[in-house]
Amino acid sequence: MRSVTILGSTGSIGTQALEVVEQHSDQLRVHALVANNSVESLVEQAKKFNPAVVAIGNKAHEKELKKALKGLDIEVLAGRGAIVELAGSIDADMVLTAMVGFAGLEPTISAIESGRTIALANKETLVVAGELIKQLCRQHGSLILPVDSEHSAIYQCLQGEQMSAVEKIYLTASGGPFVDLPKEALREVTPEMALKHPNWNMGPKVTIDSATMMNKGLEMIEAHHLFNVPASAIEVVVHRQSIIHSMVGYRDGSIKAQLSYPDMRHPIAYALLYPQRLEGGARPLLTVEQMSHLTLEAPRRDDFPCLSLAYEAIERGGTSPCTMNAANEVAVERFLQGKIRFTDIPRIIKHTMEVAPERNASSLAILAEADGQARAIAQAWYEGI
């Protein structure tokens with residue numbers, strides 16, 4: 001029986017992870033559930049899965065949560081500090097980190113420092129602090145199992161292989177809802193339009209990142225750190241059908257790919273049950289007919305500059321990826337609020353990367369300071385429109 005703490009249990013990844021847990025209740029149990037604001041959903045999950053602990057990030061909801069769970073043998077915690085401490089609890093075998101954005105970094109570090117196995121769904125952790133995270137994993141013997149569909153696919157393609165044999169990693173991208181939209185029309189894109197992803201069911205932030213292709217930039221940086229390959233060896237390829245989740249090219253001319261329906265329960269189950277390969281609630285095997293129309297094409301990098309900004313950030317190194325990520329989070333939030341245009345998102349990121357000071361990303365304190373400075377710069381750009 002493997003016990004799991006789920007950080008971000010009420011979000012898209014967290015709720016699908018609980019479906020996998022329910023399906024494999026003979027092998028998986030929930031130790032703790034963590035959310036930021038969604039009290040009603042957290043209470044419903046707690047009553048169903050009976051974890052030892054639940055935690056809410058927003059302390060304003062603490063009384064409401066305790067009242068709703070009164071009489072149950074469930075410890076209730078509140079506040080960011082409590083979440084960080086809970087993530088490092090040795091009572092859980094594995095921590096699924098599905099909190100969105102920079103907020104997921106500190107709890108993930110806490111889990112790594114306790115030697116837990118990490119099912120990583122928070123890509124910003126490696127984007128912001130890749131070198132630090134790798135150092136801590138080596139120091140504390142913590143294993144990272146990727147949950148992003150693309151990185152899970154790469155991880156699966158690498159099983160039984162030597163990294164020295166790898167020549168190239170192909171990160172597939174659906175292209176998002178605007179893959180064919182003319183450049184001049186991107187200026188008029190609304191949040192409602194951007195949230196209609198053609199293939200995947202994801203949270204709003206990730207969905208907007210997919211529309212701008214920043215999601216693929218973040219994934220490139222994540223792959224760079226996860227698999228220790230240079231950014232120049234990672235190629236982004238538009239694959240509209242979202243059936244090929246990524247590929248690995250080897251020096252002997254072979255390419256291995258992982259294919260399945262676009263269903264996040266597949267990579268979630270692969271991580272939670274690793275090294276077993278069991279049903280995760282995803283749909284069955286693809287048919288020959290469903291695989292007969294698969295296409296691959298180059299991305300429109302000039303029209304979707306966020307991808308190029310990510311390559312620039314990893315080339316510059318230090319706190320540049322952290323700066324880029326923070327500016328993107330601010331820009332996406334403002335776009336979802338209807339306060340900026342879709343095409344302003346890369347403009348804000350580029351400006352912030354040009355203005356923010358660069359430093360060595362050697363500690364959480366430095367990264368937190370860089371994150372705060374970048375957010376202030378991005379916000380000032382928005383206020384100056």
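Predicted model: local features only at pLDDT ≥ 70, side-chain atom pairs only at ≥ 80, totals over all residues.
Stop 1: Select residues 234-238 and 255-259, which are strand 9 and strand 11. They are the edge strands, each pairing on one side only. They belong to an open sheet of four strands, in the order 9-8-10-11, with mixed pairing. From one strand to the next, the twist averages 20°.

Stop 2: Now select residues 244-250, strand 10. Strand 10 and strand 11 pair in the antiparallel sense, over five bridges. What stands opposite isoleucine 244 in strand 11? The residue there is leucine 259.

**Stop 3: the largest cavity.** The cavity has a volume of about 40 Å³. Select Ser149, His245, Gln258, Ser260 and Pro267, which are the closest to its centre of the twelve lining residues. Helix 7 gives the largest share of this lining, four residues. By class, the lining has four nonpolar, seven polar and one charged residues.

**Stop 4: the second largest cavity.** Select Leu145, Pro146, Ser152, Tyr155, Tyr270 and Ala271, which line this cavity. About 30 Å³ of space lies inside. Strand 7 (144-146), helix 7 and helix 11 each supply at least two of the lining residues. Five lining residues are nonpolar, one is polar and none is charged.

How values were computed
Residues numbered from 1 in each chain as written. Heavy atoms only, no water. Pairing = 2+ DSSP bridges. Axes fitted to C-alpha atoms, helices over the stretch in contact; angles between N-to-C directions. 1 Å grid on protein atoms, 1.4 Å probe; cavity = no way out; pocket = protein on both sides within 12 Å on 5 of 7 lines; lining within 4 Å. Points joined across faces, edges and corners; volume = space filled by probe spheres on them. Nonpolar A, V, L, I, M, F, W, Y, C, P; charged D, E, K, R; others polar.
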